[in-house]
Amino acid sequence: RNQCLKYHPSTNSDPGSSDKFNQISEAYDVLNDPRKKATYDKFGEEGLKQGTPPESGGSGDWSSGYTYHGNADKVFRDFSGGDTPSSDAFPQGEEAKAGIGG
């Protein structure tokens with residue numbers, strides 16, 4: 001979650017931050033789903049995206065092949081409850097550096 005907040009396009013204009021945000025969102029999408037996570041843990045990215053072999057036993061794995069929907073903002077909204085990081089997540093100014101303020 002912290003990485004997603006760090007690389008969110010509304011708070012980070014560094015080159016490549018948008019791509020990193022998309023990668024983090026895809027990882028969250030997989031790791032947040034027990035079936036997708038089990039498949040990734042057992043077969044890796046290739047097994048997740050291409051589907052698991054029939055001889056794997058169908059032990060609750062994601063077997064049909066996973067394709068990321070590509071909507072990083074949707075994933076962000078799903079876990080954060082909002083469209084953009086809150087200002088509290090990224091304090092700015094001298095107060096933030098000193099740990100002062102609320």
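Reader: Before we start, what does "buried" mean here?
Author: A residue is called buried when its relative accessible area is under 20%. Please note that this is a predicted model.

Reader: Then is S25 buried or exposed, and why?
Author: S25 has a relative accessible area of 1%, and because buried means under 20%, S25 counts as buried.

Reader: Where is S25 found?
Author: S25 belongs to helix 2, which covers residues 17-31.

Reader: And which residues is S25 in contact with, leaving aside neighbours within four places in sequence?
Author: With those neighbours set aside, the contacts of S25 are C4, Y68, A72 and V75. Y68, in turn, is in contact with N22, S25, E26, D29 and V75, again leaving aside neighbours within four places in sequence.

Reader: Which residues of the largest nonpolar core touch the most other members?
Author: That core has 13 residues, and C4, F21, Y66, Y68, F76 and F79 touch the most other members. At least two core residues come from each of helix 1 (2-7), helix 2 and helix 4 (72-80). Helix 4 supplies the largest share, four residues.

Reader: Changing topic, how many aromatic pairs does the structure hold?
Author: It holds zero aromatic pairs.

Reader: At what angle do the axes of helix 2 and helix 3 cross?
Author: They cross at roughly 130 degrees and come within 10 Å, with helix 3 covering residues 34-50. Helix 2 is therefore oblique to helix 3.

Reader: Which residues make that contact?
Author: Helix 2 contributes E26, D29, V30 and L31, and helix 3 contributes K36, K37, Y40, L48 and K49.

Definitions and conventions: Residues numbered from 1 in each chain as written. Predicted model: local features only at pLDDT ≥ 70, side-chain atom pairs only at ≥ 80, totals over all residues. Heavy atoms only, no water. Buried < 20%, exposed > 50% of the residue type's maximum accessible area, 1.4 Å probe, protein only. Contact = heavy atoms within 4.5 Å. Phe/Tyr/Trp six-rings, centres within 6.5 Å; stacked < 30°, edge-to-face > 60°. Core = buried A, V, L, I, M, F, W, Y, C linked by side-chain atoms within 4.5 Å. Axes fitted to C-alpha atoms, helices over the stretch in contact; angles between N-to-C directions. Parallel < 35°, antiparallel > 145°, perpendicular 65-115°, else oblique.
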